[in-house]
Amino acid sequence: MTIAGIGEGNLTGSLAGLRVVDFSTTIAGPHCARMLADMGAEVIKIETAEGETMRSRPPMRNGCSTAFGQLNVGKKSLVLDLKSPEGIEAVRRLVGSADILVENFRPGVMRRLRLDFATLHALNPKLIYCSISGYGQTGPSAELPAYAPVIHAASGYDMAHLAYQPGRTRPDYCGIYQADVLTGVYAFGAISAALYQRTITGSGQHIDVSMLESMLSLTLNELQWSQFEVQPPPRPMYGPIETSDGFVMVAIASEKTFQGLVKVIGHPEWVNDPRFINYSDRRNNWAHLMDGVEAWSRSVTTERCLAELNKEGVPSSAYRTVAQALSDPQIAHRRALSEVEDGGGTFKVLNLPFRMSGAKVAAAKRMSTLGEHTRALLKETGQSEDQIAAFSGKPLAAATR
């Protein structure tokens, strides 16, 4: 995908020519490595003979998971037994030609495998080694087990979110794993910075990405409020307003949008009302302002409400399902979805949310099968045909390609 109006032509990805060894599982690490693949890097995913756990996550079609595909499309699949000396030796040989390594094991695991940064840096001083973990590689919490819902709770995010739910006293259930996706994006950014630094120093480095700190970065205002006394408004500032047939979100964050809003609801005089004249006044009287807004919005449909608000430049949206959001013409215009083929047929994945005028940014067109590239990659490391057959546990004729 490129910026609208600029053809892809023969453009390559920004990271074309780079090799990534991906040891990561589940979401955070695979999401980071998938971004690298979309940018043109060769990403080699290391898996066991059973395959990564996400391969069994629904939706499943003919044994193929689209959830796994969303996170791993564009990667090569190499099956190795990391408990065997031969498997470790194969990794060490691959690392010799790699630029980046991504792993999200609990701290200490890679060291026990003799695949830690210090060991591999000695083999390849240019290697950028990215470790993703719940709490970071060192410290009193470093070795605690962590998954996204645990990190949401540990970071204060869930309790901060609860403060915006009037009448609620129990934190919400967790179904969307923000910590995983956010941490993967931070890891991608850190790797990109390390690649630039390597062009200057010629050396790789170890990147230590913490899910806990990543989630804390979402609580920008709350982080400051936790240090100083701030009087919260009697009603949260951003929430649904009711229409005759649904709900709409309205964001009033500037004088211009406030003026547009009161014009729409038929109260232009509120621009000079002492309750709303300044931002701080509006914040302290937010409940009164929203009551006035809903007195109008309940009398119109969602479609009419949005039409009136958009006409005056007031940021607003209906509350949509993911399916409704994906059917938005804007998504089609941006070519935000790519179709991918796997053993179960085809499915769509989300492309990266940015376009570049001088580089291709797009998901691959097909998913690798488990172990599809084992034979070719092992051959590259100098393994003989007999050794490769032993690796796969299959006769030569049936060995993985």
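Modeller: This is a predicted model. One place to begin is β7 and β8, which run parallel and are joined by five bridges.

Biologist: Are the residues on the two faces of β7 buried or exposed?

Modeller: In a regular strand, side chains alternate between the two faces of the sheet. In β7, one side has Ile128, Cys130 and Ile132, and the other has Tyr129, Ser131 and Ser133. Buried means under 20% relative accessible area. By that cut-off six of the six residues of β7 count as buried, so the residues on both faces are buried.

Biologist: Which element gives the largest share of the largest nonpolar core?

Modeller: That core has 26 residues, and Leu36, Ile100 and Ile191 have the most contacts inside it. The elements that give two or more residues to the core are α1 (28-38), β6 (100-103), β7 (128-133), α8 (178-201) and β8 (206-210). The largest share, six residues, comes from α1.

Biologist: There is also an open sheet of three strands. Which of its strands stand at the edges?

Modeller: The strand order is β9-β10-β11, with antiparallel pairing. Each edge strand has a single partner, so one side of it is left without a neighbour in the sheet; the edge strands are β9 (240-242) and β11 (316-318).

Biologist: What is the bridge partner of Met249 in β11?

Modeller: β10 (residues 247-250) and β11 pair in the antiparallel sense over three bridges. Within β11, the bridge partner of Met249 is Ser317.

Biologist: On the surface, Phe228 belongs to a nonpolar patch. What is the relative accessible area of Phe228?

Modeller: The patch is formed by Tyr164, Trp225, Phe228 and Val230, with about 380 Å² of accessible area together. Phe228 lies in the loop between α10 (220-225) and β9. Exposed means over 50% relative accessible area. Phe228 is therefore exposed, as its value is 54%.

Terms used. Residues numbered from 1 in each chain as written. Predicted model: local features only at pLDDT ≥ 70, side-chain atom pairs only at ≥ 80, totals over all residues. Heavy atoms only, no water. Pairing = 2+ DSSP bridges. Helix = DSSP H or I, 4+ residues; strand = E, 2+ residues; numbered from the N terminus. Patch = residues over 30% accessible without salt bridge, like charges linked within 9 Å, V, L, I, M, F, W, Y side chains within 5 Å. Areas by Shrake-Rupley, 256 points an atom, 1.4 Å probe, with all protein chains shown as cover. Salt bridge = Lys/Arg side-chain N within 4 Å of Asp/Glu carboxyl O. Buried < 20%, exposed > 50% of the residue type's maximum accessible area, 1.4 Å probe, protein only. Core = buried A, V, L, I, M, F, W, Y, C linked by side-chain atoms within 4.5 Å.
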